[in-house]
Amino acid sequence: MRFWLNPEFVRHLRSELRRTRALTMLAIVGIICLLVGLACWNSQQNRLEEMRRLALQFDGHWNQRLTEMEERSLAEFWKLYYGVLIFIQTAVLTFWSLLSCAQSISGERERKTWDFQRTTRLTSVELMLGKLLGEPILAYFIVACCVPITLIAGFAADVSLLHIVLAYVLVICSALFVGSAGLWLSSLLESRSRGLGIIGALGLYAVVAGAYGFRDSNFPGLAAFSPITSLLSLFGYQTDPPVQARLFGKPISWPVMSVLLYVSFGAWLIAMIVDNIKRDYDEVRPLSRWQTVGCATFLNFVLCLEFYPRPDRMFLFTAGFGSGPPIRIFGAHDFATTMLLIDAAVLFAVGLATLTPYEQLKAWRRRRTNEQANMLSEGGLPWPWLVLSGMTAYGVLSFGLFIWRKELPIEARFFGNVAVQSLVVCVFVVRDVLFVQWCRLTRLRSPLIKGFLYLCLYYVASAIVAGLFAFSSYTESQHVLNVLTPSCIFASQSAGLVFSGSVALGLILQLILVALLLRAITARLNSSLTTHDAVAA
Amino acid sequence: MIQLTNLSKEFDSLTAVSDLSLEIPRGEIYGLIGPNGAGKTTTIRMACGLLTPTRGTVCVSGINVLKEPERAQQHIGYLSDFFSVYENLKVWEYLDYFAHAYKMTEINIRDRITEVISQTGLEVKRGAAIRGLSRGMKQRLGIARAIIHQPSILLLDEPASGLDPKARFDLRQLLRSLSDQGTTILVSSHILTELEGFCTSIGIMEKGRLLRSGRVEEISASGSERFIHIEWIGEYAATVKSVLAQHNKVVKSQVGSTEGMLEFIGDDEGLATLLSALVRAGVRMLSFKEKKQSVEDIYLKISHHEVM
């Protein structure tokens, strides 16, 4: 279906863009563009004035620069105006898209109009497209009003049409990406939690805009999440030292990287939205079982792909202080630790995304009792899939270490250590996810949030206990941390195999806890089934 | 036709609907009655595919709602008990949106909107903004939305709430005419008089279970008791009491000064005997007629005997 005929899009168009509102908006946009133009002109004149003052004071070289600047003055003004207009449109479109989409589905749930949309013949894809493009329709209209002025400014600044089109493609791609993130967030929110949607949207916006900061990290490509990075690169602005986006260390242009990230991450978001948009709130489950494994692998793979160990970050050059060789300050161990930390977060997040609703779990239990379902069935507990995800994450990490073996030399025992650390991460994540799953089966209100807070409390308490031990002995405190937390991922590789006694004890303890949680979940399900069967009888 | 087979829905620790099986033939108006929390809304939400049943299947016009939801929606019109409309749209725009969402043929949409607007008495509000409509008007608009795509099955959850008496009458007329055209209607209500004389079949639900289901006359005839209302003139209350007490087919009686109500078990012959006994005892009878059981009577009787 053509999107402009999509009923949901047409509904937004009709309700939010009536003639009076459109004309008012057009007038406002015109005034704002004029004001921005005046501000840019003023800024350019101020710079010229400053140069004139310097030329009067110092003559010679400054006079020459003044002449050059005066010659370029008009073109510079248009360039500045064009750049500012593009940035304003990016900010308006992305912010509006995110905020409106983040309140879309939860807002409909709140207004009690959602069920009627769900009972129409609109498919999940049509509904999603209608909302994604329709919710921020006013922002798109604002951008459309700005286009002629931007084109004039761009052409006057000698910017090619292709360049302008590329800039708009980037702006629209980023708006669609953040819009789908907002829609995904909204699909997970209950009608009462609209405020949470706004907070979440603002948080997401901060993350996307703040991704610019990744330029200076070992994952520079992630900076392409922020449209600022690509637009600056498109406008020819360079940082000092220049930073390039990279895939497996090979340079790639920022706009291409942005589009790649938006498309790949957007595809996951869209898959989750399409799978869930027509479901009742209680039946929403962001990721299916296989998607859990796929998503964990994808995220780990992207991180490996984006990793680039910059030479100036790997070695401390001692040239100024003597003629000694450079000291390595970033090695394979640091890479592995970073990846394991991210892997823990990813596994926990996909674990939460794959938690089974109570009702489905009961149905699965009933089928399992009748031997019609197994542990890997769709409605079952998420832990077998988390283990599988953990294994693939380890595979990806090993692959990353192999790829970067020249830049980050590794020893033979390294893979064994990483395997142990991956196992520890996996066991702890399984325990935590099962704990949250158990919370969902209790009568707790907001079980997800409370379960998460209890886990935070546990880790803070563990840190305090370890801190108390640290007064007597650092080693003892390390052992306590190894038993209670997955802290062994920080253990130094140079000390030999990380699989110490305390790590083994911690693993056994966590496995016992996992078994207890499984038993508690099964007992609760069995008791619930018995009650239901009694009622039915 | 609607076919619900062994339908169950469990929410956490609550069983909202338990093993419900129901078949509503084409053209029937089926009233689902029961107190709040009986499971009526859950049943209707499962029937229109909004909720996935824990167990069981839902078929409408031979289509499995769970397996082919979009195809099934073509045949279903749904109206929930509490709902809202898009306030920023005009009446015709709202209906146009749903007509397109139900993928009606473009050429028919305009005429259908006019037809539906006239059926629901919204002619004067066609171009009005929904924001300015009264609650009753919005309810009418909701009904118009539910029938815009000419569904063969209409699922209505408390459709008359918020409607004035005239609008209620119009709604009944509309539903009757839709039923005559072959539309199968499942309507739920806890206000029993709302369904009186309008449903062809009823189902009584309580605590997630269907206690009784069938055609209204079958259910009312299923009990052996007959309710007789009598009236007389003069001071004969004591005589009436004594005659009724002596008659072994009178199960229960309430006697006032000039009228009474009695529960009778027996056929027409027995009733005639009772009437002649009263006349023979010198009571100057004014009227002696059987009172048909209302839906409310049936509900109270079944609910009282089988659940409470």
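First, my contact rule: two residues are in contact if their C-beta atoms, placed from the backbone, lie within 7 Å. With that, I looked at chain A: among its contacts between residues at least 6 apart in sequence, 76% join residues at least 24 apart.

Housekeeping. This is a predicted model, where local features need pLDDT of at least 70 and side-chain atom pairs count only at pLDDT 80 or more, while totals for chains, interfaces and linings use all residues. Residues are numbered from 1 along each chain as its sequence is written, and chains are lettered from A and ligands numbered from 1 in the order in which they are written.

**Chain A overall.** I get 20 helices and four strands for chain A; helices (H or I, at least four residues) and strands (E, at least two) are DSSP runs, numbered from the N terminus. Its C-alpha atoms fill a box of roughly 85 × 75 × 40 Å along the principal axes. Of the 537 residues in chain A, 39% are buried (20 or more other C-beta atoms within 10 Å of the residue's own, C-beta atoms being placed from the backbone).

**A helix pair in chain A.** How do α8 (161-187) and α10 (227-234) of chain A pack? Their angle is about 175°, with the axes 10 Å apart; axes are lines fitted to C-alpha atoms, for helices over the stretch in contact, and angles run from 0 to 180 degrees between N-to-C directions. That makes α8(A) roughly antiparallel to α10(A) (over 145 degrees). On the α8(A) side I noted A:L166 and A:L170, among others, and on the α10(A) side A:L231 and A:L234 are among the residues in the contact. By class I count seven nonpolar, three polar and no charged; nonpolar is Ala, Val, Leu, Ile, Met, Phe, Trp, Tyr, Cys and Pro, charged is Asp, Glu, Lys and Arg, and the others, Gly among them, are polar.

**A sheet in chain B.** I found an open four-stranded sheet, order β12-β13-β11-β14, with antiparallel pairing (strands pair if DSSP finds at least two bridges between them). β12 (250-255) and β14 (284-291) of chain B are the edges. β11(B) and β14(B) share seven bridges, and B:I230 has B:F288 as its bridge partner in β14(B). Helix α9 (237-246) of chain B lies across β11, β12 and β13 of chain B, at about 170° to β12(B).

**Where A meets B.** The contact takes 33 residues from chain B and 27 from chain A. On the chain B side, α3(B) gives the most, five residues. That side has 14 nonpolar, 12 polar and seven charged residues.

Methods:
Angles under 35 degrees count as roughly parallel, over 145 as roughly antiparallel, 65 to 115 as roughly perpendicular and the rest as oblique. A residue is buried if 20 or more other C-beta atoms lie within 10 Å of its own, exposed if 12 or fewer, and partly exposed in between; C-beta atoms are placed from the backbone.
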